[in-house]
Amino acid sequence: MEKRAFLLLGTVAAVILLSGCQINYLNSNGFGTVMPGVIITDQTRGGFMLSKAESLAGVEVLGRVEGRSKARNVIGLVSEGDCGIQAAKRDALSKCPGADDIINVEVDTHHKSTLGLVNESTTILTGIAIKYKK
């Protein structure tokens, strides 16, 4: 009987833990999304536009750029990386020497997980690199 109670308690704890991790996906900010898989997840969530240029006066358009930033978590014990928007922006600007800023910025997030043991989150920032005219 003690073994059954322990198994039931473990199952209930696992369900609560897994559903709590997935509740964040219910807020999709108006973009289509699905809940992550318990065994494998490999999905990109629709993002948002951070800024839109009203005028290109005073700037030189250098071209389209993309930057990425990534963070990982292993077994919920070790977490490393930076999947922030600023890290993705630095990466994008590093690919376009001379660029001062990025306009028409769009951001998506890609999540990848295997059995919930190894999790990765990648922020993907795209936009148009510009240089301010002096």
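**Reading the terms in a predicted model**

The protein chain has two helices and five strands. The model is predicted.

Reader: Why is threonine 122 called buried?

Author: Buried means under 20% relative accessible area. Threonine 122 has 6% relative accessibility, so it counts as buried. This residue lies in strand E5, residues 118-132. Leaving out residues up to four places away in sequence, threonine 122 touches Arg68, Ser69, Lys70, Asp108, Thr109 and His110.

Reader: What share of the protein chain is made up of buried residues?

Author: Of the 134 residues, 26% are buried.

Reader: What is cysteine 96 in contact with?

Author: Apart from neighbours within four places in sequence, cysteine 96 is in contact with Leu62, Val65 and Ala129. Contact here means heavy atoms within 4.5 Å.

Reader: How do you know that the buried residues of H2 line one face of the helix?

Author: The buried residues in H2 are Ala87, Ala88 and Ala92. Looking down the axis of H2, they fall within an arc of 140°, so they line one face. An α-helix has 3.6 residues a turn, so residues three or four places apart point the same way. The face turned away from the buried side of H2 carries Gln86, Arg90 and Ser94, which are exposed. On the buried side, the residues of H2 pack against strand E2 (59-74), strand E3 (78-82), E4 and E5.

Reader: Why are E2 and E5 said to pair?

Author: Two strands pair if there are at least two bridges between them. E2 and E5 have 15 bridges and run in the antiparallel sense, so by that cut-off they pair. Arginine 64, for instance, stands opposite isoleucine 128 in E5. E2 and E3 are also antiparallel, joined by five bridges. Lysine 70 stands opposite aspartate 82 in E3.

Reader: What makes the phi of isoleucine 75 and of asparagine 104 worth a remark?

Author: Most residues other than glycine have a negative phi. Isoleucine 75, in the hairpin of E2 and E3, takes a positive phi near 55°. That hairpin has three residues between the strands. Asparagine 104 lies in strand E4, and its phi is near 50°, also positive.

Reader: Where is confidence lowest and where is it highest in the protein chain?

Author: Helix H1, residues 2-22, has the lowest confidence, with a mean of 64, and H2 has the highest, at 94. The average pLDDT of the protein chain is 78, and 68% of the residues score at least 70.

Reader: Why should some predicted coordinates not be read in detail?

Author: The reason is low pLDDT: where it is low, the predicted coordinates should not be read in detail. Over residues 19-33, pLDDT stays under 50. The model has 21 contacts beyond four places in sequence for residues 19-33.

Notes:
Residues numbered from 1 in each chain as written. Predicted model: local features only at pLDDT ≥ 70, side-chain atom pairs only at ≥ 80, totals over all residues. Heavy atoms only, no water. Helix = DSSP H or I, 4+ residues; strand = E, 2+ residues; numbered from the N terminus. Buried < 20%, exposed > 50% of the residue type's maximum accessible area, 1.4 Å probe, protein only. Arc of directions from axis to C-beta. pLDDT = per-residue confidence, 0-100.
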